[in-house]
Amino acid sequence: KNDIPNRLKRHFSIFNVPLPEESSIQQIFGAIFEGRFSANYSRDVQEVAGMITRMTIDFWRSIQKRMLPTPDKFHYFFNLRDLSNVTQGMMLAGLYADPDNPAK
């Protein structure tokens, strides 16, 4: 038996969009980190920005594997939005600070 009438179902669509490959995610967020930390920062900070990209993606993947959804915690569903939220927070870190004067 079909519980949902066809007249109602015609107003909805389902899209399946798989996650991009790991290399694509690395390239996208790596470009964001490099662009943010390349302008006014030393070479050491720029190198760390590349490592932060890899660590952030690894952390996101490990959270996905460890915190699986359960009937009690069905909201544990991690997607690319969560990775972009972490990236956005890191972009705001020290945004208004002077890189030449860290005590400021």
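A crossing is left-handed if the near helix is turned anticlockwise from the far one by less than a right angle, and right-handed if clockwise. Helix α2 passes helix α3 in a right-handed crossing. Helices here are DSSP runs (H or I, at least four residues), numbered from the N terminus.

The model is predicted: local features need pLDDT of at least 70, side-chain atom pairs count only at pLDDT 80 or more, and totals for chains, interfaces and linings use all residues. Residues are numbered from 1 along each chain, and side-chain values use heavy atoms, without hydrogens and water.

α2 spans residues 22-38 and α3 residues 43-66. Their axes (lines fitted to C-alpha atoms over the stretch in contact; angles run from 0 to 180 degrees between N-to-C directions) come within 9 Å and cross at roughly 140 degrees.

Contact means heavy atoms within 4.5 Å. Among the α2 residues that meet α3 are F29, F33 and F37. The α3 side includes A49, T53, T56 and W60. By class, this contact has 9 nonpolar, 7 polar and 3 charged residues.

Two residues show opposite exposure. Buried means under 20% relative accessible area, exposed over 50%, partly exposed in between (1.4 Å probe, protein chains only).

| Residue | Relative accessible area | Class |
|---|---|---|
| T56 | 10% | buried |
| Q27 | 61% | exposed |

T56 lies in α3. A polar atom of the T56 side chain is 2.6 Å from the backbone oxygen of I52. Beyond neighbours within four places in sequence, T56 contacts F33, L83, V86 and M90.

Q27 belongs to α2. Q27 and T53 are 26 residues apart in sequence, yet 9.2 Å apart in space, C-alpha to C-alpha.

Terms used
Helices (H or I, at least four residues) and strands (E, at least two) are DSSP runs, numbered from the N terminus. Ala, Val, Leu, Ile, Met, Phe, Trp, Tyr, Cys and Pro count as nonpolar, Asp, Glu, Lys and Arg as charged, and the others, Gly among them, as polar. A polar contact is a pair of N or O atoms within 3.5 Å; within protein, one must be able to donate a hydrogen and the other to accept it, and residues adjacent in sequence count only if both atoms are side-chain atoms.
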